[in-house]
2 protein chains.
Amino acid sequence: MAATRKSRTAPVPGKPVRGSRSGRPVMALLDLLGRRWALRVLWELRGERRTFRALQEACDGVSPAVLNDRVRELRESGLVDVGEGEGYGLSPIGRELLAHLAPIAAWSERWAASPSRRRR
Amino acid sequence: MAATRKSRTAPVPGKPVRGSRSGRPVMALLDLLGRRWALRVLWELRGERRTFRALQEACDGVSPAVLNDRVRELRESGLVDVGEGEGYGLSPIGRELLAHLAPIAAWSERWAASPSRRRR
DNA sequence: CGTCGCGCTATGAATTCCGTAGCAAGCTAG
DNA sequence: CTAGCTTGCTACGGAATTCATAGCGCGACG
């Protein structure tokens with residue numbers, strides 16, 4: 001079919017997702033956030049809203065095809081919304097998720113200095 | 001000699017990673033966790049340690065090639081360790097990360113029931 | 001020896017992602 | 001009206017990643 005190109009379905013809690021048939025919300029989340037640029041897009045929206053092109057630039061020039069896929073999935077899952085002339089931004093529940101991601105950014109600083117990060 | 005196959009390099013804080021040249025730890029983390037199965041592997045190790053095959057089964061039969069890649073990356077970044085005859089498990093700092101991921105699982109339950117997941 | 005489970009590799013195909021180019025629509029100014 | 005600009009997004013070919021399946025080498029049994 002492919003109305004346009006590819007109509008990949010965004011992972012939605014309550015339905016089976018890639019890698020899990022259980023339908024547990026956490027599995028849908030792990031699938032959604034495990035896609036390339038998904039976490040980064042959310043991260044770059046943590047502050048103010050951004051237009052498509054501003055978001056693309058913030059994500060180090062990610063290709064618009066992929067960005068559009070991620071943004072659509074994040075909108076379908078309700079984490080991101082669009083406003084007329086306002087660009088993209090986090091929805092209320094999306095902002096809740098980011099609130100949990102913030103301490104992880106702080107953790108990553110400790111991680112960077114961690115001695116357990118040995119290479120081999 | 002790491003691998004006969006292409007040994008992809010794990011993202012390491014302090015060095016440029018895919019999609020970001022800044023070297024900021026949070027970018028390395030977003031790259032590391034944005035790879036397929038990475039979050040899921042950490043999630044399945046949140047409890048007790050698991051052997052390679054047990055971990056594979058827990059992840060709905062992910063292919064061993066990918067699992068080995070993820071596990072190697074997670075080990076190189078110090079989040080996961082291996083014990084002789086003990087299988088894979090979280091390192092101390094890895095357990096710190098999971099502590100932050102736990103409330104996100106609780107959040108996902110609220111997300112699943114969220115009405116904002118229906119609009120647009 | 002035969003068999004088992006283990007960690008892990010090999011391989012070819014399917015899917016996803018990337019980089020670049022460019023279109024249609026909505027301005028704004030001349 | 002026409003030219004020039006920005007914005008959201010699609011097209012396309014090629015590169016990278018992920019997938020499913022088969023199977024190797026090893027050690028522990030019996």
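At what angle do the axes of α1(A) and helix α5 (residues 92-112) of chain B cross?

## Basis of the report

This is a predicted model, in which local features need pLDDT of at least 70, side-chain atom pairs count only at pLDDT 80 or more, and totals for chains, interfaces and linings use all residues. Residues are numbered from 1 along each chain as its sequence is written, while chains are lettered from A and ligands numbered from 1 in the order in which they are written.

## Crossing of two helices

The axes of α1(A) and α5(B) cross at roughly 100 degrees and come within 8 Å. Here axes are lines fitted to C-alpha atoms, for helices over the stretch in contact, and angles run from 0 to 180 degrees between N-to-C directions. The two helices are therefore roughly perpendicular, a term for angles of 65 to 115 degrees. Helices (H or I, at least four residues) and strands (E, at least two) are DSSP runs, numbered from the N terminus.

On the α1(A) side, the contact is made by A:P25, A:V26 and A:L29; α5(B) supplies B:A105, B:S108, B:E109, B:W111 and B:A112. Two residues are in contact if their C-beta atoms, placed from the backbone, lie within 7 Å. These residues divide into six nonpolar, one polar and one charged. Ala, Val, Leu, Ile, Met, Phe, Trp, Tyr, Cys and Pro count as nonpolar, Asp, Glu, Lys and Arg as charged, and the others, Gly among them, as polar.

## The contact between the chains

Chain A gives 42 residues to the contact and chain B gives 40 residues. On the side of chain A that touches chain B, two or more residues come from each of α1 (25-33), α2 (38-44) and α5 (92-112). The most come from α5(A), with 13 residues. That side of chain A comprises 21 nonpolar, eleven polar and ten charged residues.

## Helix α5 of chain B

In α5(B), the residues B:G94, B:I104 and B:W111 are buried, meaning that 20 or more other C-beta atoms, placed from the backbone, lie within 10 Å of their own. The buried residues of this helix pack against α1 and α5 of chain A, together with β1 (80-83) and β2 (87-90) of chain B.

## Surface near DNA strand D

DNA strand D is surrounded by 19 residues, and the closest are A:T51, A:F52, A:P64, B:R36 and B:S63. A residue is near a strand if its C-beta atom, placed from the backbone, lies within 6 Å of it. The most residues come from α4(B), which gives four residues to this surface.

Notes
Angles under 35 degrees count as roughly parallel, over 145 as roughly antiparallel, 65 to 115 as roughly perpendicular and the rest as oblique. A residue is buried if 20 or more other C-beta atoms lie within 10 Å of its own, exposed if 12 or fewer, and partly exposed in between; C-beta atoms are placed from the backbone.
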